[in-house]
Amino acid sequence: MDLKSLIRDVYDFPKEGIVFKDITTVLQDPAGLRFAVDEFEKALKDVDFDLVVGPESRGFIFGVPLAYNMNKGFIPVRKEGKLPYKTKSKEYDLEYGSAIVEIHMDAIKPGDKVVVVDDLLATGGTSKAMVELIEEMGGIVVKMVYLIELSFLKGREVLEGQDVEAIIKY
């Protein structure tokens with residue numbers, strides 16, 4: 001299946017000059033959604049890991065069915081103030097400011113092997129913040145898998161030293 005053909009370009013979103021890669025068209029297509037989740041699973045078939053970590057909100061969409069299919073736990077990473085228990089947080093830079101992501105303090109134990117799953121690797125800021133959180137908690141990031149990589153934004157360089165894989169590259 002050609003997943004690229006299912007992805008819709010939305011021009012000037014969220015601001016002028018940006019071409020947003022809209023994955024809702026993949027999600028609404030039953031065969032496309034199944035194929036995408038299967039591709040994530042293939043990327044991890046030989047990886048030894050304990051947990052799937054995914055950021056809100058699209059990391060949840062792919063991370064939960066993947067964790068379920070592979071009999072692993074799922075750990076959400078959310079925007080500041082959205083998790084109900086004690087959290088550990090990390091601030092990171094955006095092109096227009098900064099943001100904070102959080103994870104529950106007890107979500108990752110020292111030595112846990114973690115896979116990060118998300119829909120998009122762009123500049124790598126969110127992903128780098130997640131890696132730092134996981135490592136500060138004693139976890140080990142063994143692989144990072146994305147549906148889409150915007151190679152021209154060089155997010156992979158920000159994640160130097162990590163095992164990064166993308167199903168679709170632009």
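## Packing of H2 and H3

In this predicted model, helix H2, which spans residues 30–43, packs against helix H3, residues 58–69, at an angle of about 60°, and the two axes are 10 Å apart. Because of that angle, H2 counts as oblique to H3. The crossing by which H2 passes H3 is right-handed.

On the H2 side the contact is made by Leu33, Ala36, Val37, Phe40 and Glu41, and on the H3 side by Phe62, Pro65, Leu66 and Asn69. Sorted by class, the residues in this contact of H2 with H3 comprise seven nonpolar, one polar and one charged.

## The nonpolar cores

The largest nonpolar core holds 24 residues, of which Val53, Ile103, Ile108, Val116, Ile134 and Met144 touch the most other members. Two or more residues are given to this core by each of strand E3 (51–55), strand E4 (73–79), strand E6 (97–104), strand E7 (113–121), helix H4 (125–136) and strand E8 (140–149). The largest share, five residues, comes from H4.

Apart from this core lies another, of 22 residues, whose members include Leu3, Ile7, Phe40 and Phe62.

## Ile103 and Leu83

Once its neighbours within four places in sequence are left aside, Ile103 is in contact with Ile75, Pro76, Val77, Leu83, Lys86, Thr87, Lys88, Ile108, Leu133 and Met137. Among these partners is Leu83, a residue of the loop between E4 and strand E5 (87–94).

Leu83 has a relative accessible area of 11% and is therefore buried, the cut-off for that class being under 20%. Leu83 and Ile103 are 20 residues apart in sequence, while their C-alpha atoms are 7.4 Å apart in space. With neighbours within four places in sequence again set aside, the contacts of Leu83 are Pro76, Arg78, Glu102, Ile103 and His104; Pro76 is also listed among the contacts of Ile103.

Leu6 is found in the segment before strand E1 (8–11). Not counting residues up to four places away in sequence, Leu6 touches Met1, Thr25, Val26, Asp29 and Gly32.

Glu149, found in strand E8, has a relative accessible area of 5% and so is buried. With residues up to four places away in sequence not counted, Glu149 touches Leu121, Arg156, Ala166, Ile168, Lys169 and Tyr170.

## Backbone geometry

Most residues other than glycine have a negative phi, and most peptide bonds are trans. Against that background, the peptide bond from Phe13 to Pro14 is cis, with omega near 0°, and Pro14 lies in the loop between E1 and strand E2 (19–22). The peptide bond from Glu56 to Ser57 is likewise cis, with omega near -10°, and Ser57 is found in the loop between E3 and H3.

Asp12, which is not a glycine, has a positive phi of about 60°; this residue is found in the loop between E1 and E2 and, at 46% relative accessibility, counts as partly exposed. Lys154 also has a positive phi, near 60°, and is found in the loop between E8 and helix H5 (155–158), where its relative accessibility of 47% places Lys154 in the partly exposed class.

Note on methods: Residues are numbered from 1 along each chain as its sequence is written. This is a predicted model: local features need pLDDT of at least 70, side-chain atom pairs count only at pLDDT 80 or more; totals for chains, interfaces and linings use all residues. Side-chain values use heavy atoms; hydrogens and water are left out. A nonpolar core is a set of buried Ala, Val, Leu, Ile, Met, Phe, Trp, Tyr and Cys residues joined through side-chain atoms within 4.5 Å. Buried means under 20% relative accessible area, exposed over 50%, partly exposed in between (1.4 Å probe, protein chains only). Helices (H or I, at least four residues) and strands (E, at least two) are DSSP runs, numbered from the N terminus. Contact means heavy atoms within 4.5 Å. Axes are lines fitted to C-alpha atoms, for helices over the stretch in contact, and angles run from 0 to 180 degrees between N-to-C directions. Angles under 35 degrees count as roughly parallel, over 145 as roughly antiparallel, 65 to 115 as roughly perpendicular and the rest as oblique. A crossing is left-handed if the near helix is turned anticlockwise from the far one by less than a right angle, and right-handed if clockwise. Ala, Val, Leu, Ile, Met, Phe, Trp, Tyr, Cys and Pro count as nonpolar, Asp, Glu, Lys and Arg as charged, and the others, Gly among them, as polar.
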